[in-house]
Structure formats: structure tokens, C-alpha cells
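Work through the exercises below with the sequence and the structure side by side. Try each task before reading its solution.

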Amino acid sequence: MSSPPAPGPISARSRRRRRRTSDPAPGWASLPEDLVGVVASRLLAGGDLLDYVRFRAVCAGWRSGTASPRGRGVADPRFHPRRWMMLPEGHCLHPGHPDLRGHARFLNLDTGAMVRARAPLLGEHCVIDSVDGLLLLLRDPDQDGAVRLLHPFTGDAVELPPLGTLLPQLASRLPMCPAPYMITRLARVVCASVSFTAGAIAITLWLDEVARVAFAASHDRQWNVSSWEYPMICSSLSFQGKLYMMGNPDSCYDSAHEVLQIDPPVRDGAGTGDLVLPPPKLIAAIPVHKLVHPYSLVECGSEILVLGRNDLSGPLDLILKLADLVLQRFMPIRSIKGHTLFVEERSITVSSKVLSTVKGDNVVYGHSDSGPPYLAQYHLNSGSVSPAIDDCSLYGNAQGLIFRRNAPVIGAPED
């Protein structure tokens with residue numbers, strides 16, 4: 001009687017398969033609910049809403065154990081798409097153009113990720129500002145100036161009082177023309193901040209046209225206007241629910257430049273329930289001999305930077321931290337952690353990961369010396385200035401600042 005054949009060698013693949021089938025450890029879908037909540041909160045704390053949306057989409061357990069952004073995208077600050085910026089399409093395709101079929105492209109300023117999202121409201125509204133990634137929309141054209149605050153990824157929108165309610169209060173400061181034209185002029189340069197108290201959304205608007213601040217809550221019927229004005233503002237910035245403004249009370253620049261902080265409106269303590277805007281706080285005074293020409297306030301990470309120059313025809317070469325200026329320390333910085341600052345009427349900070357043609361630690365701005373104005377970049381490390389884009393990029397088919405053009409389409413997050 002022959003003996004049974006000796007068993008052959010067991011392959012590594014077979015051993016892995018055996019361990020996999022006999023492993024009693026639960027799968028990722030069986031993570032405890034409290035641990036799912038910890039991971040979700042850390043994703044939201046990281047600042048990228050889409051990472052959180054993708055996490056919820058992995059399985060039904062993770063989705064049921066975390067809050068859906070839909071329905072609370074505006075009211076809950078955790079779900080604001082803070083570092084996402086809507087991109088223009090070029091070729092005369094303004095946001096809301098029929099050829100875009102209700103979509104718009106958005107760029108993450110930290111990672112360079114790009115997505116296309118449905119934004120049908122852009123078909124009948126124009127964007128007058130963006131705060132924490134939310135879009136402040138004005139219906140165009142509209143006799144009353146209807147205003148909405150839109151979350152571009154969830155589609156949630158909050159109705160705000162019409163801008164037309166400001167006209168009786170500001171008529172003496174605006175040209176005599178039909179109401180829609182006055183509303184358009186009023187909304188031409190706006191800086192908005194948003195705060196959240198007692199379940200209500202309060203919004204504050206710096207109106208550059210009239211040098212006043214308007215404020216209202218989401219359930220109010222009309223805007224209120226500040227009793228004070230500050231006409232010599234050169235830059236305004238929304239940061240962490242507050243407005244910051246830089247200017248000089250003296251048109252001849254004989255006195256120190258000022259940085260003001262405007263806190264969110266609060267409810268009147270007298271029992272009326274009306275919103276009251278606190279007076280502006282002077283938080284920093286910058287002597288003229290330290291900074292002759294202030295230019296812009298820019299958010300960079302968790303800091304506010306003050307940009308300027310001492311020679312009007314020279315480069316934008318002075319960058320100071322507002323936190324230092326508050327302490328009366330005047331120390332220009334030479335590094336912004338590899339970021340690039342784009343400085344103009346609206347200033348942004350972009351990570352070096354986003355741009356393939358621009359290295360970090362630069363300031364890109366409109367520069368004019370002895371020749372025609374051009375888009376320049378100031379290099380903090382070397383102190384040199386060079387063109388940010390060339391003539392081919394300006395007038396030819398090539399793009400000067402290269403972004404990845406194709407982008408996935410996203411819809412509103414599932415419940």
C-alpha cells in the first residue's frame with residue numbers, strides 16, 4: 001500500500017489568503033461610532049470640507065455616524081469651504097453663463113485640487129464677495145437688490161435683507177439714478193464678515209462706496225448702517241468673523257496709519273432685541289516713517305499680514321505681521337512659508353503646491369515703474385522683482401499661471 005504524497009510547499013500567497021480568511025478582526029466599516037466621530041472632527045479641523053465628504057461616502061456606517069453638511073452648510077461654520085476659491089472660466093464665460101450649464105470651477109488654495117460644482121443660482125445672481133468660501137450673491141438685475149449667502153458645494157442658501165433697504169439711509173451719498181444702478185454701485189466694492197450667535201447668522205458689510213458699515217441678521221427685514229464713517233480706507237479684510245480695515249484719518253498722511261478692528265454686531269442689552277454694531281477698535285498705529293505707503297491686508301495661515309512700501313515707485317517690499325504691529329514691533333519678514341501672495345483689490349494667499357510656474361515666498365501685484373504697468377512678482381528671499389507672466393501668456397494661447405484644467409464634478413453631499 002502506497003503512502004500518501006507528502007504535502008508540497010505552501011506559497012506565500014496561500015499563507016496570506018489563509019490568514020485573511022481566518023482573521024477575526026472586524027473591518028473598517030465596523031469602527032466604533034466614537035472613533036468615527038473623532039476622525040470626522042479632525043478632518044473638519046483640517047479645513048478641507050471635501051475630505052470630510054469623501055470620508056462619509058466610504059460606507060453607510062460612517063455616513064450615519066457623522067453629521068451631513070447638507071441643510072447646515074451655511075449655519076454651521078465647521079462645514080464652510082474656507083480655502084476654496086471660485087475660478088473664472090475666461091473666454092467671456094462669466095459665472096452663470098448659459099454655456100457652463102449651471103456649473104462653476106473651484107480651486108483649493110492649499111492643495112491645488114479642483115472640482116466642478118453645480119451652482120444654478122449663478123445664472124441670475126452675481127458674486128459680490130466671498131467669506132469663508134461662502135458666496136455672497138446679489139440678484140442681477142433686481143429692483144430691490146435681493147441678497148443670498150450660498151454654500152457652493154451643498155447648495156444651501158440663506159436669504160438676507162435686500163440691499164435696496166439701504167437706499168433711504170444712504171440716498172444723500174449716492175448719485176441720483178434708478179434704484180438698480182444705485183444698488184449696483186453700492187455693491188461694487190464690498191468686504192463681508194459672517195458671525196453666528198443664538199442660532200442666527202449676522203453679516204457685516206464694509207461698503208467702500210459710502211465708507212460705511214452695514215449689518216443685519218438673516219431674519220431681519222432691512223440693513224442697518226453704522227453711525228460713523230471712515231473715508232480713507234486703503235484695504236479691508238474679513239478674518240475669523242471680524243472686519244479689519246487699514247487707512248489714514250489724514251488725507252495728507254501726516255499722522256500715523258491706523259488698523260481698525262470691527263467686532264460682529266450684538267443684540268441690544270436694553271431688551272429691544274435689535275442688533276447693535278460695536279464702535280471700531282484702534283488696534284495698531286503705524287508711524288509714517290516706518291511705513292510710508294500702506295497697500296493691503298492679507299490673511300496668511302492664522303496671521304494677518306500688512307503689506308506696503310516706502311517708495312511709491314519701488315517694489316511691494318514691506319511685509320509685517322499685524323500681531324507684531326499691535327505690540328509696536330516693526331520687523332519686516334522675509335519668509336511666508338513657501339506661499340505666494342496675490343495682492344490687489346481682493347488679496348489671497350496660495351500654496352506653492354497650487355502653481356507650477358511660480359515658486360513660493362513671492363508677492364504678485366500690479367507694478368509700475370518708468371514703463372507701462374505690468375504684473376510683477378517680488379521675491380522675498382532675494383529682494384528682486386521680475387514679471388509674473390510673459391507676453392505670450394497675456395496675449396497668446398498659453399496660460400501664465402498654470403492650473404490643472406480638468407476637474408471632477410461634485411454634487412451636493414448625501415444625507
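The exercises start with the whole chain and then turn to single parts of this predicted model.

**Exercise 1. The whole protein**

Task: State how many helices and strands the protein has, and what share of its residues is buried.

Solution. Step 1: the protein has eight helices and 26 strands. Step 2: of the 415 residues, 43% are buried. Step 3: take the contacts between residues at least 6 apart in sequence; 46% of them join residues at least 24 apart.

**Exercise 2. Arg148**

Task: Decide whether Arg148 is buried or exposed, and find the polar contacts of its side chain.

Solution. Step 1: locate Arg148 in strand β6, residues 147-150. Step 2: the relative accessibility of Arg148 is 14%. The limit for buried is under 20%, so Arg148 counts as buried. Step 3: the Arg148 side chain has a polar contact of 2.7 Å with the side chain of His125. Another polar contact, also 2.7 Å, links the side chains of Arg148 and Glu159. Step 4: leaving out residues up to four places away in sequence, Arg148 touches several others, including Leu121, Leu135, Arg139 and Val158.

**Exercise 3. Cys126**

Task: Classify Cys126 by its accessibility and list its contacts beyond four places in sequence.

Solution. Step 1: Cys126 belongs to strand β4, residues 125-131. Step 2: its relative accessibility is 27%, so Cys126 counts as partly exposed. Step 3: beyond four places in sequence, Cys126 is in contact with Leu136, Leu137, Leu138 and Asp140. Step 4: Cys126 and Asp140 are 14 residues apart in sequence, and their C-alpha atoms are 6.4 Å apart.

**Exercise 4. Helix α6**

Task: Find which residues of helix α6 are buried and what they pack against.

Solution. Step 1: in α6, residues 179-186, the buried residues are Ala179, Met182, Ile183 and Leu186. Step 2: these residues span an arc of only 100 degrees around the axis, so they lie on the same side of α6. Step 3: recall the general rule that an α-helix has 3.6 residues a turn, so residues three or four places apart point the same way. Step 4: the buried residues of α6 pack against β5, α5, β8 and β9.

**Exercise 5. Nonpolar cores**

Task: Name the residues with the most contacts inside the largest nonpolar core.

Solution. Step 1: this core has 32 residues. Step 2: those with the most contacts inside it are Leu136, Leu163, Leu166, Leu205, Leu207 and Trp223. Step 3: another core, of 22 residues, lies apart from it and includes Val36, Ala40, Ala104 and Leu150.

How values were computed: Residues numbered from 1 in each chain as written. Predicted model: local features only at pLDDT ≥ 70, side-chain atom pairs only at ≥ 80, totals over all residues. Heavy atoms only, no water. Helix = DSSP H or I, 4+ residues; strand = E, 2+ residues; numbered from the N terminus. Buried < 20%, exposed > 50% of the residue type's maximum accessible area, 1.4 Å probe, protein only. Polar contact = N/O pair within 3.5 Å; in protein donor to acceptor, adjacent residues only side chain to side chain. Contact = heavy atoms within 4.5 Å. Arc of directions from axis to C-beta. Core = buried A, V, L, I, M, F, W, Y, C linked by side-chain atoms within 4.5 Å.
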